[in-house]
Amino acid sequence: MELPSALEPVKSHIEAKYPLLYLLTWEEARVCGHLMLLTTELKPPRLMYFWSVTEGYSGQAEGQPVAMNDPLAAIDYAIETTESALFVLKDFHPYLRDDHRVIRRLRDAYQALQGTGKTLILLGPILSVPTELEKEITVLDYPLPDFLEANQILVDVVEAEQPGALTQLDARQSEALVRVFLGLTADEIAAVARKVISRRKSFSVNAMEEVIEEKRNILRKSEILEFIINKVRIRQVGGLKNFKRWAKLRANGFTKEAREFGLPVPKGVLITGISGCGKSLVIQALADLWHLPLLRLDMGRVFSGFAGTPEESLRRAILTVEAVAPAVLWIDEIEMGVSVFSDSIQSGSTSRIFASFLTWMQEKKAPVFIAATANDIDRLPPEFIRKGRFDEVFFVDLPKSEERAEIVRIHLEKRGKRASDVSIEGLVKSTEGYTGAEIEQAIITALFEAFGQSREMEINDIYRALGNMVPLSVTMKEQITKQKRWADNRAVRAN
Ligand SMILES: Nc1ncnc2c1ncn2[C@@H]1O[C@H](COP(=O)(O)OP(=O)(O)OP(=O)(O)O)[C@@H](O)[C@H]1O
Ligand SMILES: [Mg+2]
């Protein structure tokens, strides 16, 4: 039988005789099930022991050791046993936090188990490795189910609940269906599949929407990642020609053909610039253009501590995104993550977390494209925009005249008004210094005015709305000048 790919790194560490592994996972049952597969797969074969504080040791081996609910005894047993075996210690993190005897004994175990067929595996959802053990313990994040595994879970559920319910789908459709399940845990995949199938009795194409909605709800609970159902098309973005060209050239950047051509996988892009000029908009348009799922990470929330410690929530988010990959990870206002605590005592840990995030960005194997935006460029540390980190750093400026013409047209048409109904040239002149968001706002205000008076909108309504507005380029003049100066030698112009 082929091993789940998630298990491969664990297997190779065991084969390389690492004595202490820390498997970070929320899916204890799934991972224990996987580990069982290893017992016969490894050479020499291993016995398998599971330990928890409530049940002591239990395992598949004959002549099982007596139950012990003493963590020290659990480690001692691994040290003393002479057979080749895996010792899986569940939820050991509390002892690593404050039990010095446990920490010491693990150091002894590290020495004793070296070069033997014995491996101690700490398993749990919370990472807590004391400094004393940082060199001895190897931490492995256990990935969420990949395509093959998710497919198997889905098939198993369907076989049990509604045999034949998948047969209506052709190959392309079933691949798309399985992809929608990615990013969930094994239990979540099974639960969603069961729920949808009990409602519909089959997995027709329509069921896909339901699965997407369930997945959105599950991810929303994590509070830091949002699965965006994307509706923005590139033609709904006015101007920003350079950026669009760049994005179009890389539309097939994740394909096998691109690799064979010798191209590197696109890594990410950082977009800075003036508020309301379309940064968030182009990221959504990019994901649509590239036909990739879009997940938004809320950095502010990661560091707020609402969803667990920042380390945990970030690790969890990364695992989810990697399972969904290829995907676009949208990080709005990334500077929040860098400096939210910069004035407080927590700044040390913030920069450490951020550093590990940067490392992930640099070293990630999964095709996750990072699309980050930043407003407050002063808060971005220089190492962040260092060459090679992002494929490109773009600056989005106030729209120029041709761009404003496009923006006016887009927003009139979006609201069922033909651009030929109004004279665009006049509007283009009067919107000098206005952002895309402000132009849109003026059109909406004008429409309300007309609607309130039960008549069609006239161009004068838009002029009036513009006249009543003080654009950002006036109120924030100095700030904008500063941003432009910053961008001059650090960023490529998106416009
Ligand atoms: N170039 C543009 N073309 C079309 N619409 C635009 C453009 N720029 C801005 N808009 C309109 O303004 C809205 C706000 O823009 P967006 O959210 O992309 O700005 P932003 O640069 O992300 O601003 P912020 O820095 O405040 O987050 C968009 O949803 C869109 O309706
Ligand atoms: Mg934005």
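**Salt bridges in the predicted model**

Glu-175 and Arg-179 form a side-chain salt bridge, with an N to O distance of 3.7 Å. A salt bridge is counted here when a side-chain nitrogen of Lys or Arg lies within 4 Å of a carboxyl oxygen of Asp or Glu. The model is predicted: local features need pLDDT of at least 70, side-chain atom pairs count only at pLDDT 80 or more, and totals for chains, interfaces and linings use all residues. Residues are numbered from 1 along each chain as its sequence is written, chains are lettered from A and ligands numbered from 1 in the order in which they are written, and side-chain values use heavy atoms, without hydrogens and water.

Both Glu-175 and Arg-179 belong to helix 7 (residues 171–181), where they sit 4 residues apart, about one helical turn. Helices are DSSP runs of H or I, at least four residues, numbered from the N terminus. Glu-175 is partly exposed at 41% relative accessible area. Arg-179 is also partly exposed, at 35%. Exposed means over 50%, buried under 20%, and partly exposed in between (1.4 Å probe, protein chains only).

A second bridge joins Lys-417 and Glu-456 at 3.3 Å, N to O. This pair links distant parts of the chain, 39 residues apart. Lys-417 lies in the loop between helix 18 (401–414) and helix 19 (424–430). Glu-456 lies in the loop between helix 20 (436–452) and helix 21 (459–467). Glu-456 is exposed, at 57%.

Asp-488 and Arg-493 also pair, at 3.1 Å, N to O. Asp-488 is exposed at 54%, whereas Arg-493 is partly exposed at 32%. Elsewhere, salt bridges with shared partners connect Lys-195, Arg-199, Arg-200, Glu-210 and Glu-214 in one network. The count comes to 26 salt bridges.

Terms used. Helix = DSSP H or I, 4+ residues; strand = E, 2+ residues; numbered from the N terminus.
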